[in-house]
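The stops below can be selected one after another.

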Amino acid sequence: GSNVYAMKGMFPGTFSRPLGAWADRRLMRAEAIDVSKVEIQLAGEEAIVLLPSEDEVPVWSLSDPSVLPTDFQFDALTARSVVKTVLGLSVREFVEGRSQGSEAFSQADQIVVSFKDKSRETQTVLLGKNLSEKLVYAKRMPGDETFILSAHSAQLLRRKISDYRDLRVMRFDIRSVVGLRMKQG
């Protein structure tokens, strides 16, 4: 029929989007709880392998702490943010019709995500060359499609082992704090 309805809470632009705006832009469909291991292989560096604890909210640690220098405090919060970053990667642009050849990925860094569910295929993200100060070429394997990601996300994933140092002056569980007194001078 030709009836017209007024609806509460709907905005006129909700459905009038270009086709590309409907695409799922998440590169990986997984939560941290699904992941058994994250391996980060930066070009020319030793691989960084992060493993989760069995806790309900996993604490991430290095699979081989012996690679750390003496007195190096590993920061589990940095490790967690790296895992969250790779799982939350979002495509900025889809590269169509101008597939990037080997030159964009000749020195690619690689992040491999393995899952607890053994039937689930390992996912690999290749981080290629920067397209600009804010954008970077990437691929997800299996697959051969080239994407463009935010350079900021790529930079967070490209942390070297020295960037996992815990620089906090004080370490305590925030839930155990009952008070805070500040004194000036």
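In which sense do strand β6 (residues 123-130) and β7 pair, and over how many bridges? Select both strands: they pair in the antiparallel sense, over five bridges. Keep in mind throughout that this is a predicted model.

**Whole chain**

Zoom out before going further. The protein contains two helices and eight strands, and along the sequence they follow the pattern β-β-β-α-β-β-β-β-β-α. Of the 185 residues, 33% are buried. Show the surface: the accessible area comes to about 12900 Å², and carbon and sulfur atoms account for 53% of it. Take the contacts between residues at least 6 apart in sequence, and 57% of them join residues at least 24 apart.

**β6 and its partners**

Return to β6 and show its side chains. Six of its eight residues are buried, so the strand is mostly covered. On one pairing, β5 (109-115) runs antiparallel to β6 over five bridges. Pick isoleucine 111 and look across to β6, where its bridge partner is valine 125. Valine 125 in turn has a bridge partner in β7, arginine 140. Next, select leucine 126, which stands opposite lysine 139 in β7.

Now select threonine 124, also in β6. Is threonine 124 buried or exposed? Its relative accessible area is 11%, and because the cut-off for buried is under 20%, it counts as buried.

**β7 and β8**

Follow the chain out of β6 through the hairpin of four residues that joins it to β7. Strand β7 covers residues 135-141, and five of its seven residues are buried, so the rest of the structure largely encloses it. Continue to strand β8 (residues 146-150), which pairs with β7 in the antiparallel sense over five bridges. Leucine 135 is a place to check this pairing: serine 150 in β8 stands opposite. Then centre on the hairpin of β7 and β8, which has four residues between the strands; there glycine 143 takes a positive phi near 125 degrees.

**Helix α1**

Select residues 76-87, helix α1. The twelve residues reach 17 Å from first C-alpha to last, close to the 16 Å expected at 1.5 Å a residue. At the start of the helix, show aspartate 75: a side-chain oxygen of this residue comes to within 3.1 Å of the backbone nitrogen of leucine 77.

Which residues of α1 are buried? They are Thr78, Ala79, Val82, Val83, Thr85, Val86 and Leu87. An α-helix has 3.6 residues a turn, so residues three or four places apart point the same way. Display what lies against the buried residues of α1: they pack against β1 (35-41), β2, β3 (60-62), β5, β6 and α2 (151-157).

**Proline 52**

For the last stop, go to strand β2 (residues 48-52) and select proline 52. Proline 52 is buried, with a relative accessible area of 16%. Apart from residues up to four places away in sequence, proline 52 touches Val35, Ser36, Lys37, Pro58, Val59 and Trp60. Finish with a distance between C-alpha atoms: proline 52 and valine 38, 14 residues apart along the chain, are separated by 9.0 Å.

Methods:
Residues are numbered from 1 along each chain as its sequence is written. This is a predicted model: local features need pLDDT of at least 70, side-chain atom pairs count only at pLDDT 80 or more; totals for chains, interfaces and linings use all residues. Side-chain values use heavy atoms; hydrogens and water are left out. Buried means under 20% relative accessible area, exposed over 50%, partly exposed in between (1.4 Å probe, protein chains only). Two strands pair if DSSP finds at least two bridges between them. Contact means heavy atoms within 4.5 Å. Accessible areas come from the Shrake-Rupley method with a 1.4 Å probe; for residues, only the protein chains shown count as cover. The expected span of a helix is 1.5 Å times one less than its number of residues. A polar contact is a pair of N or O atoms within 3.5 Å; within protein, one must be able to donate a hydrogen and the other to accept it, and residues adjacent in sequence count only if both atoms are side-chain atoms.
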